[in-house]
Amino acid sequence: MATLPTQFTIKGVELKNRIVMAPMCQYSVDKQDGTPNNWHFVHYVSRAVGGTGLIIVEMTSVDPEGRITNGDLGLWSDDQIPAYKRIVNEVHKYGAKIGIQIAHAGRKAEDANQPVGPSEIAAEPLPEESKNGELKPPRALTTEEVKATVVQFKEAARRAIEAGFDTIELHGAHGYLMHQFLSPAINNRTDEYGQDLSRFGVEVVQAVRSVMPKDMPLIMRMSAIEYIDGGYKIDHAIKMAKEFKKAGVDMFHISSGGEGPPGKLKPANHPGYQVPFARAFKEALNIPVIAVGNLSDPQVAEATLANGDADLVAVARGMLNDPYWGLHAIKEVARTVTPPIQYERAIR
């Protein structure tokens with residue numbers, strides 16, 4: 001029996017299958033106001049029609065200056081809530097659940113007038129990520145500004161809940177602000193947020209958790225290892241994750257790198273190359289995990305679940321290529337699938 005199409009429940013959220021649409025920036029907010037438009041509506045709803053169990057909306061900033069680019073989504077104003085609610089309501093019509101990834105780009109905010117971070121250590125752009133090809137040197141946040149940023153995460157979470165999202169994901173990976181604070185190579189502060197590298201993340205988790213319903217799961221995305229020379233290894237990431245779990249995280253979404261161009265250690269990029277990291281988190285923390293990273297082959301995704309390496313599998317580029325990846329993958333591994341009645345003639 002295939003695992004991919006089986007249900008999965010975490011707290012009060014029941015997913016119809018084990019397939020997650022990974023968050024992927026669209027850089028498509030034409031008005032640059034952080035509010036989703038018709039592109040985002042079609043983009044996400046089509047993946048719900050396509051059989052995805054859990055959709056995670058792309059990195060959404062808690063502050064206008066915390067966006068990667070001015071074309072990114074934001075959730076810093078109550079005025080933005082109705083546009084998200086429209087997407088959520090339509091996604092729910094097709095039996096999918098939907099979460100949102102809230103974040104702050106920190107020193108990787110390309111269009112910010114003055115990027116900020118835990119320290120003044122500058123970031124080198126990743127060629128596949130940077131839209132402008134360069135990053136401005138960051139300014140170190142004051143202790144008071146760090147505390148204010150925690151409140152921004154809390155308020156963004158409140159808005160996400162008002163919009164009707166089923167879950168919230170905190171972006172603690174890929175070199176963005178939460179990752180920057182927990183990284184010894186990036187955070188050289190001498191205040192409490194440098195003395196304890198988990199503190200910023202813990203405070204964000206606690207603040208967000210304080211406004212969430214008790215039965216709503218909180219997810220955190222983390223980079224299991226860094227690829228820069230001198231970057232942290234998985235033991236450090238798991239140490240941080242243990243603190244985040246105690247603070248209220250219910251599930252981890254395990255990726256790697258993103259903090260800068262790789263040094264001697266290079267990402268493998270073969271199918272399932274990050275799956276061992278997910279399994280390590282699952283075993284060390286005894287907590288559900290989402291595996292991600294080149295899992296577009298349905299058989300690889302199925303094996304990841306069937307082998308017990310992860311509880312859910314997230315697909316990114318595969319879903320950019322095929323909005324109906326979920327239906328097609330289930331059909332391949334289970335030999336049968338139940339598509340929307342409008343598509344039965346083609347997909348069943």
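This is a predicted model: local features need pLDDT of at least 70, side-chain atom pairs count only at pLDDT 80 or more; totals for chains, interfaces and linings use all residues.
Is Glu243 buried, exposed or partly exposed? I looked this up to get going, and Glu243 counts as partly exposed, since its relative accessibility is 30%.

**Entry 1: the partner of Glu243**

I checked what Glu243 touches and found a salt bridge with Lys246, where the closest N and O atoms are 3.3 Å apart. Both sit in helix α7 with three residues' spacing, so about one helical turn separates them. Lys246 has 65% relative accessibility, so I put it down as exposed; the cut-off for that word is over 50%.

**Entry 2: a pair in helix α8**

Next I went to helix α8, which covers residues 275-285. Here the side chains of Arg279 and Glu283 meet in a salt bridge, at 2.9 Å from N to O. These two are four residues apart in the helix, and again that makes about one helical turn between them. How open is each one? Glu283 comes out at 56% relative accessibility and so counts as exposed, while Arg279 has 30% and is partly exposed.

I also noted a network: Asp78, Glu155, Arg158, Arg159 and Glu162 are joined by salt bridges that share partners.

How many salt bridges does a search of the whole structure find? I got 16. One of them links Asp250 and Arg209, with 2.8 Å between the closest N and O atoms. Arg209 belongs to helix α6 (residues 199-211), and Asp250 is in the loop between α7 (234-247) and β11 (251-255), so this bridge ties together parts that lie 41 residues apart in sequence. I looked up their accessibility too: Asp250 and Arg209 are both buried.

**Entry 3: strand β6**

I finished with strands. Which strands pair with β6? I found strand β4 (residues 54-61), running parallel to β6 and joined to it by six bridges. One contact I wrote down is Ser61, whose bridge partner in β6 is Ala103. I also found strand β9 (residues 167-172), which pairs with β6 over four bridges, again in the parallel sense. There, Leu170 in β9 stands opposite Ile102.

Is strand β6 mostly covered or mostly open? I noted that it spans residues 97-103 and is mostly covered, with six of its seven residues buried. A reminder for reading strands: side chains in a regular strand alternate between the two faces of the sheet.

Conventions
Residues are numbered from 1 along each chain as its sequence is written. Side-chain values use heavy atoms; hydrogens and water are left out. A salt bridge is a side-chain nitrogen of Lys or Arg within 4 Å of a carboxyl oxygen of Asp or Glu. Buried means under 20% relative accessible area, exposed over 50%, partly exposed in between (1.4 Å probe, protein chains only). Two strands pair if DSSP finds at least two bridges between them.
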